[in-house]
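This report describes one protein chain for a reader who meets it for the first time. Please look over the sequence and the structure shown below before reading on.

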Amino acid sequence: RVGKKYRIKEIEVLKRYLKECDEDTTTILEQIEVLNKELLLLNHEYEVILNRIKELYEVDKPNK
């Protein structure tokens, strides 16, 4: 059986680790949000480029 003094000390250490985990989780979620915004922008640019390529191919297509 662990004495009260050591249990209190361990609880304090575990609370500090828990706070660090919460902070890391918040940081990672913020990074995910930034990456998601970047991905949306990239997808939009990709679509614009793809549509332009289609337009350019249409110019060379023979009329039917």
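Arg7 is placed in helix 1, where helices (H or I, at least four residues) and strands (E, at least two) are DSSP runs, numbered from the N terminus. Arg7 counts as partly exposed because its relative accessibility is 37%; buried means under 20% relative accessible area, exposed over 50%, and partly exposed in between (1.4 Å probe, protein chains only). Between the C-alpha atoms of Arg7 and Thr26 there are 28 Å, for a separation of 19 residues along the chain.

The model is a predicted one, in which local features need pLDDT of at least 70 and side-chain atom pairs count only at pLDDT 80 or more, whereas totals for chains, interfaces and linings use all residues. Residues are numbered from 1 along each chain as its sequence is written, and side-chain values use heavy atoms, with hydrogens and water left out.

**The chain as a whole**

The protein chain has one helix and zero strands. Helix 1 covers residues 4–60. Along the principal axes, the C-alpha atoms of the protein chain fill a box of roughly 90 × 20 × 10 Å. The radius of gyration of the protein chain is 28 Å, while a compact globule of 64 residues would have a value near 11 Å; this radius is taken over C-alpha atoms, and the globule rule is 2.2 Å times the number of residues to the power 0.38.

What share of the 64 residues counts as buried? The share is 0% for the protein chain. The accessible surface of the protein chain comes to about 6800 Å², and 60% of that surface belongs to carbon and sulfur atoms. Such areas come from the Shrake-Rupley method with a 1.4 Å probe, and for residues only the protein chains shown count as cover.

Two further pairs of residues give distances within the chain. Ile8, which lies in helix 1, is 22 residues from Glu30 in sequence and 33 Å from Glu30 in space, C-alpha to C-alpha. Ile8 counts as partly exposed because its relative accessibility is 41%. Glu33 and Asp60 are 27 residues apart in sequence, and their C-alpha atoms are 42 Å apart in space.

**Salt bridges**

Side chains of opposite charge can pair when their charged atoms come close. A salt bridge is a side-chain nitrogen of Lys or Arg within 4 Å of a carboxyl oxygen of Asp or Glu. How many salt bridges does the structure hold? The structure holds three salt bridges, and they are set out below.

| Salt bridge | N to O distance | Position of the two residues |
|---|---|---|
| Glu23 and Lys19 | 4.0 Å | helix 1, four residues apart |
| Glu33 and Lys37 | 3.6 Å | helix 1, four residues apart |
| Arg52 and Glu55 | 3.1 Å | helix 1, three residues apart |

The spacing of Glu23 and Lys19 is about one turn of the helix.

Lys19 is exposed because its relative accessible area is 53%, whereas Glu23 is partly exposed, with 42%. Glu33 is partly exposed because its relative accessible area is 46%. At 46% relative accessibility, Arg52 counts as partly exposed, and Glu55 counts as partly exposed at 45%.

**Nonpolar patch and aromatic rings**

Ile28, Leu29 and Ile32 make a nonpolar surface patch of about 290 Å². Patches are made of residues with over 30% relative accessible area and no salt bridge: like charges are joined within 9 Å, nonpolar side chains (Val, Leu, Ile, Met, Phe, Trp, Tyr) within 5 Å. Ile32 is partly exposed because its relative accessible area is 48%.

The charged end of Arg16 sits over the ring of Tyr17, at 6.0 Å from the ring centre. A charge sits over a ring if NZ of Lys or CZ of Arg is within 6 Å of the ring centre and within 35 degrees of the ring normal.

Rings of Phe, Tyr and Trp (its six-membered ring) pair if their centres lie within 6.5 Å; planes under 30 degrees apart count as stacked, over 60 as edge-to-face and the rest as tilted. By this rule the number of aromatic pairs is zero.
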